Amino acid sequence: MADTPKVQSLDDVMRWLDRLERATQVQSTNAWAMSAVLEHMAQSVDMSLDGFPQPRSALFQSTLGAAAFTVFRLRGRMTHGLTEPIPGAPALPQTPDWKPGVTRLRAAVQRFQRHTGALQPHFAYGALSHADFALAHTLHIANHQDDIAVNIQGA
């Protein structure tokens, strides 16, 4: 069962992370543990600041990658393989404890929100403005909510 409502901004992501912290159980409904899902999302945010380890070619980024992001932006939602790691990213933890991942993703989002300098090109979409990267991160996290079940005691 997908987690709803879907986040629609990075501020929503922060409120969603508050909700995860209050949850009695948070579970990924795909092959990745929740710890891996949260780390994957945090990696994506951090890599927009630090660089992606294995970017696609400039030609791919300026054609297919840019077109894909345009479609996602116009639709207001992203679809991607929810168990596909970022190319070249460090291995994802497959541990049962999701709470450290909440802290990790929160720190990555806060760091991104405070950042005022240049951003690194997305490995597939290429160069994005801060606003477009914020949207890409939001849509990415919202897409992962499709495979997350949250249980809050008394809710």
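At what angle do α3 and α5 pack, and how far apart are their axes? In this predicted model, the two helices pack at an angle of about 75°. Their axes lie 11 Å apart. Angles of 65 to 115 degrees count as roughly perpendicular, so α3 is roughly perpendicular to α5. Residues from both helices meet where they pack. From α3 come Phe 69, Phe 72 and Arg 73. From α5 come Asp 132, Leu 135, Ala 136 and Leu 139.

The structure holds three aromatic pairs. One of them joins Phe 69 and Tyr 125.

Burial can be judged with a cut-off: a residue is buried when its relative accessible area is under 20%. Phe 69 has a relative accessibility of 3%, so Phe 69 counts as buried. Tyr 125 stands at 11%, and therefore counts as buried too.

A second ring pair involves Tyr 125. Its partner is Phe 72, with the ring centres 6.3 Å apart. The planes lie at 75°, so this pair is edge-to-face. Phe 72 is in helix α3 and Tyr 125 is in the loop between α4 and α5, so the pair ties together parts 53 residues apart in sequence. Phe 72 is buried as well, with a relative accessible area of 11%. Through these ring pairs, Phe 69, Phe 72 and Tyr 125 are linked into a cluster.

Another contact with a ring involves a charge. The charged end of Arg 56 sits over the ring of Phe 60. The distance to the ring centre is 4.3 Å.

Helix α2 was examined next. The helix runs over residues 34-50 and has 17 residues. From the first C-alpha to the last, α2 reaches 24 Å. This is close to the 24 Å expected at 1.5 Å a residue. Of its 17 residues, 16 are buried, so α2 is largely enclosed by the rest of the structure. Just after this helix comes Gly 51, which takes a positive phi of about 110°.

Key. Residues are numbered from 1 along each chain as its sequence is written. This is a predicted model: local features need pLDDT of at least 70, side-chain atom pairs count only at pLDDT 80 or more; totals for chains, interfaces and linings use all residues. Side-chain values use heavy atoms; hydrogens and water are left out. Helices (H or I, at least four residues) and strands (E, at least two) are DSSP runs, numbered from the N terminus. The expected span of a helix is 1.5 Å times one less than its number of residues. Buried means under 20% relative accessible area, exposed over 50%, partly exposed in between (1.4 Å probe, protein chains only). Rings of Phe, Tyr and Trp (its six-membered ring) pair if their centres lie within 6.5 Å; planes under 30 degrees apart count as stacked, over 60 as edge-to-face and the rest as tilted. A charge sits over a ring if NZ of Lys or CZ of Arg is within 6 Å of the ring centre and within 35 degrees of the ring normal. Axes are lines fitted to C-alpha atoms, for helices over the stretch in contact, and angles run from 0 to 180 degrees between N-to-C directions. Angles under 35 degrees count as roughly parallel, over 145 as roughly antiparallel, 65 to 115 as roughly perpendicular and the rest as oblique. Contact means heavy atoms within 4.5 Å.
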